[in-house]
Every structure is written in structure tokens, then in C-alpha cells.
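Hello,

Please find the structure we talked about below. My notes on it follow.

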Amino acid sequence: MNFRHVIIVFKKELVDMFRDKKTIISSILIPIFLFPAIYGFMNFSQKKAEDETEKKAVDIVVSGGGGSALIDYLRKTGSFNIVEEDDVDDALKSGTIKAAVFIGNGFDEAIGGNKPAPLTVQYDDSNQTSMGAAQRIEAAITQYSSQIAASRLVEKGIDPAIINPISITEKTSSKDERSGVGMMIFSMLLPLMLAIYSATSVMPAATDNGAGEKERGTIEPLLATQAQRTSLLTGKYLAITVAGIIGTMASMCGLFIAQKLSPELLGSGEMLPPVSILIIALAAICITLIFAALELAISFYARSFKEAQTYLSPLTIIVMVPAFAVYMLDPKSIPAYYFSIPLMNLICVIKELVVGVYKPLHIAVSFGWGAVYIVLSALFTRYMFTRESVIFRA
């Protein structure tokens with residue numbers, strides 16, 4: 001392999017890729033602005049839903065218990081507008097009302113007799129606003145029930161504080177609640193996004209460098225040069241890897257921008273230490289190197305650009321399976337055998353580092369297997385590129 005030829009091919013492919021404005025727009029600009037736009041709209045929708053269920057009075061139906069003190073209590077809270085509807089089920093489905101309270105027969109008598117009083121809360125579990133309204137109703141009823149319990153104890157000459165023998169004060173391990181929430185969300189979101197974008201960001205470049213060359217008829221003149229096939233392949237491989245890394249980093253920049261713009265949704269989080277950022281970046285590069293080789297091999301096999309896109313689409317699912325398999329996994333108690341499973345091991349390392357867990361053994365095992373997968377995928381690509389039946393496949 002001639003390194004001078006490798007550098008020439010590497011520079012040529014990078015210039016070809018970034019000469020096209022569409023590449024810059026799709027690989028850099030869109031990822032940077034995509035996440036802020038997505039999470040900005042999500043944050044707006046969430047705030048709107050919270051305003052409807054927490055700040056504004058919601059329309060509810062109260063049935064039964066004529067003259068019950070509970071009805072007056074619900075009105076006085078200012079959180080509910082008690083309306084009348086003939087068909088409660090239809091009103092809930094149509095969204096006319098958000099919830100309904102059915103007070104059972106003998107409700108006040110049961111309370112007066114120191115017995116449990118029957119009550120039912122109905123809501124639409126497919127409607128977020130309705131679920132929020134039901135939670136507000138249950139909270140109000142719980143408070144009303146506590147007042148009744150306290151008055152019963154007072155009547156018997158007992159201090160109401162006796163029913164709360166233990167006073168709990170919550171204290172988080174983070175500096176503030178938002179910081180902890182940010183780490184929790186990022187431990188789920190960052191590994192998922194890094195894995196997916198590391199695998200998919202090289203796809204356009206890999207398709208163009210293999211099947212695209214075939215379709216344009218430029219692969220034959222390139223093979224006729226003095227450069228060895230290994231040099232040509234290495235230059236192409238490095239070029240699409242760089243393109244993939246740039247695309248992945250652009251996506252992550254967009255994610256961090258979204259975090260700053262929407263801290264209510266993503267949490268404010270804490271800045272990761274430089275060592276953790278470096279290891280996370282290396283893990284992303286490992287994933288990129290693996291998929292760059294595999295996608296380039298598939299692109300060489302395809303007859304046309306369109307056929308390559310068809311073959312490469314399932315690779316997105318392949319990386320999503322391990323990414324979603326560990327999505328809800330607690331990063332502080334990941335079993336050791338996870339770090340020997342392809343792709344899953346590198347994703348688990350990222351999860352650990354996001355929350356500040358640094359285990360050298362897990363990192364070493366994961367990167368050791370990662371190196372093995374990179375070599376195997378590169379050898380597979382070299383095998384495909386050196387086969388005449390693949391390159392000149394009709």
C-alpha cells in the first residue's frame with residue numbers, strides 16, 4: 001500500500017463530497033438545526049398541555065352525592081369547572097369534559113359514620129389532558145380526605161400529627177434536581193443518538209463512493225491508475241469515515257443546543273469532563289469505522305445508486321436494536337457480559353460515562369472487541385473490493 005496514493009485518494013474524495021452544497025446542508029446544517037427544532041416544538045407542546053391541566057380550570061362532571069360537601073370543596077379549589085353532560089362517555093371521548101367524578105350512594109353518611117366513602121373518577125386514558133385532570137382530582141380528594149381524617153382525630157382529642165410518625169426530607173445526590181434529570185435523560189438519549197448517527201451519517205458518502213462511482217462510469221478509470229486497490233480502498237474508507245464523524249458531531253452539537261434551549265424538557269445537565277468526552281468520541285468513531293466499512297462493501301456490491309440505498313436501509317435497524325435494547329438500562333448497574341456484545345458494549349460505555357461511571361475494565365473490553373469488529377469489517381470490505389465479479393457486477 002502506497003501512503004502517498006492513499007492521501008491523494010483521500011483528498012480527492014473529501015473534495016468531491018464537500019464540493020456539493022447538498023452534502024454540506026444534509027450532513028452538517030440540517031443535523032445542527034434539526035434537534036433544536038424538534039425539541040423546541042416538543043417543549044412548546046408540553047408547556048401547552050401543562051397549562052391546560054395545571055394552571056387553567058378544567059371542565060369536569062360530578063354525578064351523585066347531591067349537596068355533598070365534596071362538591072363545594074372541588075369548586076373552591078378553583079381548579080375545576082363543574083358542568084353537566086347527559087352522556088359522560090361521549091363527552092370524554094369528544095374532549096368536551098376532561099374527567100368525571102361519580103359520588104356513590106351514602107357518601108356523606110359513610111363519612112359521618114367513620115366509614116370508607118365510595119367514589120369513582122373516570123377519565124380518558126388516551127388523552128394527556130384528561131389524565132392530568134384526573135390526577136388533579138385525585139390530589140384534591142386526597143387533601144379533602146386528609147382534612148376529614150384530621151378532624152376525626154381532633155374530635156377524639158388526638159393530635160393529627162400522630163398519623164405521620166415519620167417525616168421524610170428528600171435530598172438528591174446532584175447539585176440540583178434539574179442537573180440530575182439532565183444526566184438521566186442524556187444517559188438514555190445521547191448513546192441512542194450517537195449510535196444511530198454514527199451508523200447512518202456515513203451512508204450517503206459510502207453509497208456515492210461505491211455504487212455512485214459505478215453508475216457514473218468512473219470506477220474503471222480509477223482502477224486503471226498506478227495506485228493499488230488497497231490504497232484506493234483505504235483512501236475512500238478514510239474519507240467516508242471523516243464525513244461520518246463530521247455528520248455525527250454536527251448532530252451532537254444540535255442535541256446540545258437543544259438542551260440549552262429546552263432545559264425544561266431535556267434537563268440542564270452537567271458538563272462532562274474532558275476524559276469522558278474523549279472516550280465517548282472514540283466510541284462513536286469505532287461505531288463509525290465499523291459501519292463505514294460494511295456500508296462501503298455493500299455499496300461496491302450494488303449495481304446502482306438506488307440499489308445500494310435499498311441494501312443499506314436495513315443497517316439502520318441493525319444499529320437501532322442494540323441501541324434501544326439498552327435504552328432504559330440503569331447505567332450504574334450494567335451486567336459485565338453486555339460489554340462483550342457487538343455495538344451494545346460501546347453504547348453501554350457511553351451510558352456509563354454520561355453519568356460519571358468510569359470503569360477501566362469495561363472500557364478496555366469494549367474497545368478491544370471494537371477493534372476486532374473494525375478489522376473484520378475492513379477485511380470484508382477489502383475482500384469485496386478485490387473481487388472482479390463484485391466490482392464489475394452486471
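Are Glu-13 and Lys-236 buried or exposed? Both Glu-13 and Lys-236 are buried. Please keep in mind that the model is predicted.

Salt bridges

Eight salt bridges are present in the structure. One of them joins Glu-13 to Lys-236, with 3.1 Å between the closest N and O atoms. This pair ties together distant parts of the chain, since Glu-13 belongs to helix H1 (residues 3-19) and Lys-236 to helix H10 (residues 229-261), 223 residues apart. Glu-13 and Lys-236 are also members of a salt-bridge network that includes Lys-12 and Glu-213.

Another salt bridge runs between Arg-75 and Asp-72, where the closest N and O atoms are 3.7 Å apart.

Asp-208 is partly exposed, its relative accessible area being 26%. For Arg-216 the value is 48%, so Arg-216 is partly exposed too.

Aromatic pairs

The count of aromatic pairs is six. In one of them, Phe-300 and Phe-385 have ring centres 4.6 Å apart and planes at 35°, so the pair is tilted. Phe-300 lies in helix H12 (residues 274-301) and Phe-385 in helix H15 (residues 360-385), so that the pair links distant parts of the chain, 85 residues apart. Phe-300 and Phe-385 are both buried.

Trp-369 and Tyr-373 make a stacked pair, with 5.9 Å from centre to centre and 20° between the planes. Both residues are in helix H15, four residues apart, which is about one turn of the helix.

Surface patches

Ile-24, Ile-25, Leu-29, Ile-30, Phe-33, Leu-34, Ile-38 and Met-42 make a nonpolar surface patch of about 670 Å². Among them, Leu-29 is in helix H2 (residues 21-55) and is partly exposed, with a relative accessible area of 39%.

A patch of negative charge on the surface gathers Glu-84, Glu-85, Asp-86, Asp-87, Asp-89 and Asp-90. Of these, Asp-86 is in the loop between strand E2 (80-83) and helix H4 (88-94). Asp-86 has a relative accessible area of 85%, so Asp-86 is exposed.

Two single residues

Leu-343 is not a glycine, yet its phi is positive, at about 70°. Leu-343 is in the loop between helix H13 (305-325) and helix H14 (344-354), and at 11% relative accessibility Leu-343 counts as buried.

Gln-135 is part of helix H6 (residues 128-155). Gln-135 counts as exposed, with 55% relative accessibility. The C-alpha atoms of Gln-135 and Val-121 are 9.6 Å apart, and the two residues are separated by 14 residues along the chain.

Regards

Terms used. Residues numbered from 1 in each chain as written. Predicted model: local features only at pLDDT ≥ 70, side-chain atom pairs only at ≥ 80, totals over all residues. Heavy atoms only, no water. Patch = residues over 30% accessible without salt bridge, like charges linked within 9 Å, V, L, I, M, F, W, Y side chains within 5 Å. Areas by Shrake-Rupley, 256 points an atom, 1.4 Å probe, with all protein chains shown as cover. Salt bridge = Lys/Arg side-chain N within 4 Å of Asp/Glu carboxyl O. Helix = DSSP H or I, 4+ residues; strand = E, 2+ residues; numbered from the N terminus. Buried < 20%, exposed > 50% of the residue type's maximum accessible area, 1.4 Å probe, protein only. Lys, Arg positive; Asp, Glu negative; His and termini not counted. Charge placed at Lys NZ, Arg CZ, Asp CG, Glu CD. Phe/Tyr/Trp six-rings, centres within 6.5 Å; stacked < 30°, edge-to-face > 60°.
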